[in-house]
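Let's go through the labels one by one and check each against its cut-off. Have a look at the model first.

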Amino acid sequence: MTGLEIAGLDVARDRCPVLQGIDAQVGQGGWLAVIGPNGAGKSTLLKAVAGLLPYTGTVTAAGVPLRGLAARKLARTIAYTPQDPVVPAQMSVREYVLLGRTPYLGYLAVPGRSDRAIVDGVLERLDLGSFAEREVGRLSGGERQRAVLARALAQQAPVLLLDEPTTALDLGHQQQVLELVDRLRRDDGLTVVTTLHDLGVAAQYADRLLLLVEGRAVASGTAAEVLTPESIARHYNAHVEVTTGTDGRPQVHLVRPGRDTAVPVRKADA
């Protein structure tokens with residue numbers, strides 16, 4: 001398998017299990033959306049795969065076992081963007097995206113002509129060429145998210161991990177970013193793993209879904225297999241209707257309960 005494979009992954013913090021026995025697979029050019037209620041362990045899973053948290057189990061990306069890889073080698077295999085990346089406001093867009101070339105530079109080395117050519121190509125593909133000299137702090141939300149994605153793409157890693165890539169974006173910018181990610185993985189064969197809160201978005205874009213609840217995988221498969229009214233009611237305590245769109249993918253609609261219908265309250269997340 002040339003995409004990403006996770007087998008028996010466990011993560012603990014302060015000796016308390018956070019993730020237990022997670023198995024997942026996504027092929028090259030595929031898109032896996034990790035979903036689940038708040039506190040389910042979605043972000044923890046991405047951090048573990050990215051090498052930011054210790055774990056037991058195995059993770060293989062692009063055919064390479066990740067455990068024990070040197071930081072530079074890992075960064076050439078996995079590109080990861082957190083929910084709230086630290087973006088230096090005074091840095092130009094080009095300088096910021098050039099940071100993605102760090103795994104390929106020697107100690108105290110500066111980016112060379114080939115690195116700058118790669119970055120310029122990424123900026124053009126993401127329609128950021130005209131913003132290259134603009135300070136990152138002056139970008140709009142959608143432009144800033146594209147710059148963050150550009151830095152990740154500049155790493156030229158075959159696996160892309162995106163933790164809630166549409167957080168705090170308006171509807172138009174959400175669609176812009178999601179369509180861009182979809183185009184890149186189709187054109188370049190990137191393996192994409194995202195966490196997503198919006199079940200409708202996950203159904204529209206991902207090939208496969210992994211549903212986490214309290215640190216365990218309770219369902220995996222296509223959107224149609226995972227997103228059933230019964231499953232959503234059980235794990236999200238939400239009243240929904242699931243219909244089939246013209247493209248054959250499920251669409252999730254909130255349904256207001258009747259006045260006499262009690263809405264179950266889930267215990268606070270740990």
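Q: Is Y205 buried or exposed, and how do you know?
A: Y205 has a relative accessible area of 11%. Buried means under 20% relative accessible area, exposed over 50% and partly exposed in between, with a 1.4 Å probe and protein chains only. Y205 is therefore buried.

Q: What should I keep in mind about the model and the numbering?
A: This is a predicted model, so local features need pLDDT of at least 70 and side-chain atom pairs count only at pLDDT 80 or more, while totals for chains, interfaces and linings use all residues. Residues are numbered from 1 along each chain as its sequence is written, and side-chain values use heavy atoms, with hydrogens and water left out.

Q: Why are W31 and Y205 called a tilted aromatic pair?
A: Rings of Phe, Tyr and Trp (its six-membered ring) pair if their centres lie within 6.5 Å; planes under 30 degrees apart count as stacked, over 60 as edge-to-face and the rest as tilted. W31 and Y205 are 5.8 Å apart, centre to centre, with 40° between the planes, so they pair and are tilted. The structure holds one aromatic pair.

Q: What makes this pair a tie between parts that are apart in sequence?
A: W31 lies in strand 3 and Y205 in helix 7 (residues 199-205), so the pair links parts 174 residues apart in sequence. Helices (H or I, at least four residues) and strands (E, at least two) are DSSP runs, numbered from the N terminus. W31 is buried too, at a relative accessible area of 1%.

Q: How do you know which residues R185 is in contact with?
A: Contact means heavy atoms within 4.5 Å. Leaving aside neighbours within four places in sequence, R185 is in contact with G29, G30, W31, L190, V192, Y205 and D207. R185 is found in helix 6 (residues 171-188) and is buried, with a relative accessible area of 4%. R185 and G29 are 156 residues apart in sequence but 5.3 Å apart in space, C-alpha to C-alpha.

Q: Why is the charged end of R101 said to sit over the ring of Y104?
A: The rule asks for NZ of Lys or CZ of Arg within 6 Å of the ring centre and within 35 degrees of the ring normal. The charged end of R101 is 4.1 Å from the centre of the Y104 ring, and it is listed as sitting over that ring.

Q: What makes strand 3 and strand 9 a pair?
A: Two strands pair if DSSP finds at least two bridges between them. Strand 3 (residues 31-35) and strand 9 (residues 208-213) have four bridges, in the parallel sense, so they pair. I35 has L211 as its bridge partner in strand 9.

Q: How do strand 9 and strand 10 run, and how many bridges join them?
A: They run antiparallel, joined by five bridges. L210 has S220 as its bridge partner in strand 10. The two strands form a hairpin with two residues between them, and E214 in the turn has a positive phi of about 50°.

Q: What is the strand order of the open sheet, and which strands are at its edges?
A: The order of the six strands is 6-7-8-3-9-10, with mixed pairing. Strand 6 (78-81) and strand 10 (216-221) are the edge strands, as each pairs on one side only.
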